[in-house]
Amino acid sequence: MMTEIIYAPVSGTVKDITSSTDDVFAQKILGDGILVEPNSDYIYSPVSGTIQGLQNTLHALTIKTDSGNNLLLHCGIDTVEMNGKPFKAFIKNGDHVNVGDKLLYMNRKEVTEAGHSDEILIIFPETSQKIDKQEKNTEVLSCQRIAQIG
């Protein structure tokens, strides 16, 4: 499998996944990944691939990357309970996206006022390949390189 570059889905601060406020992510139960504390409400595609599994509540989706990896993009913690209210989708299942295409809008103020974390998680549920990640606690801009698989 070829090397895959992962780009920041949102501007903010890159954190270690183990610092997630959700134990499922912090303990890497769904797989290793990257956490970004966002400072923007727009979420962009971190890879090129096909949208799969966009949830009705718009808080999560999977992308089958062009090089064959599956990537889970999860927006906020327990935001599924908000039934899509703080979200707007710019894509639908089956769409092909390129790095930097606008995927979602997440009203961070609504999310945090409801008592939820607005952290954005990129999870690689199936890869056994090494994930080379950006240094922790680094400020990034959306679509800036933050990781590499393989």
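## Briefing: loops, rings and a surface patch

Leu58 lies in the loop that runs between β5 (49-52) and β6 (60-65). This is a predicted model, so treat what follows as a friendly tour of its computed features.

**Positive phi angles**

- Most residues other than glycine have a negative phi.
- Leu58 has a positive phi of about 60°, although it is not a glycine.
- Leu58 counts as buried because its relative accessible area is 17%, under the 20% cut-off.
- Asn137 also has a positive phi, near 60°, and is likewise a residue other than glycine.
- The place of Asn137 is the loop between β12 (131-133) and β13 (138-140).
- Asn137 counts as exposed because its relative accessibility is 53%, and the cut-off for exposed is over 50%.

**A buried alanine in a loop**

- Ala8 is found in the loop between β1 (4-7) and β2 (12-16).
- With a relative accessible area of 0%, Ala8 is buried.
- Beyond its neighbours within four places in sequence, Ala8 is in contact with Val140, Leu141, Ser142, Cys143, Gln144 and Ile146.
- Between Ala8 and Gly68 there are 19 Å in space, C-alpha to C-alpha, and the two are 60 residues apart in sequence.

**Aromatic rings and a lysine**

- The structure holds two aromatic pairs.
- One of them joins Tyr42 and Phe90 in a tilted arrangement, with 6.2 Å centre to centre and 35° between the planes.
- This pair links distant parts of the chain, 48 residues apart: Tyr42 is in strand β4 (residues 42-44), and Phe90 is in the loop between β8 (87-89) and β9 (96-97).
- Tyr42 is partly exposed, at 31% relative accessibility, and Phe90 is partly exposed too, with a relative accessible area of 34%.
- Ring pairs link Tyr42, Phe90 and Tyr105 into a cluster.
- Lys102 places its charged end over the ring of Tyr42, 4.6 Å from the ring centre.
- The charged end of Lys102 also sits over the ring of Phe90, 5.2 Å from that centre.

**A nonpolar surface patch**

- Val24, Ile29 and Leu30 make a nonpolar surface patch of about 240 Å².
- Ile29 has its place in the loop between α1 (23-26) and β3 (32-38).
- Ile29 counts as exposed because its relative accessibility is 56%, and exposed means over 50%.

Methods:
Residues are numbered from 1 along each chain as its sequence is written. This is a predicted model: local features need pLDDT of at least 70, side-chain atom pairs count only at pLDDT 80 or more; totals for chains, interfaces and linings use all residues. Side-chain values use heavy atoms; hydrogens and water are left out. Helices (H or I, at least four residues) and strands (E, at least two) are DSSP runs, numbered from the N terminus. Buried means under 20% relative accessible area, exposed over 50%, partly exposed in between (1.4 Å probe, protein chains only). Contact means heavy atoms within 4.5 Å. Rings of Phe, Tyr and Trp (its six-membered ring) pair if their centres lie within 6.5 Å; planes under 30 degrees apart count as stacked, over 60 as edge-to-face and the rest as tilted. A charge sits over a ring if NZ of Lys or CZ of Arg is within 6 Å of the ring centre and within 35 degrees of the ring normal. Patches are made of residues with over 30% relative accessible area and no salt bridge: like charges are joined within 9 Å, nonpolar side chains (Val, Leu, Ile, Met, Phe, Trp, Tyr) within 5 Å. Accessible areas come from the Shrake-Rupley method with a 1.4 Å probe; for residues, only the protein chains shown count as cover. A salt bridge is a side-chain nitrogen of Lys or Arg within 4 Å of a carboxyl oxygen of Asp or Glu.
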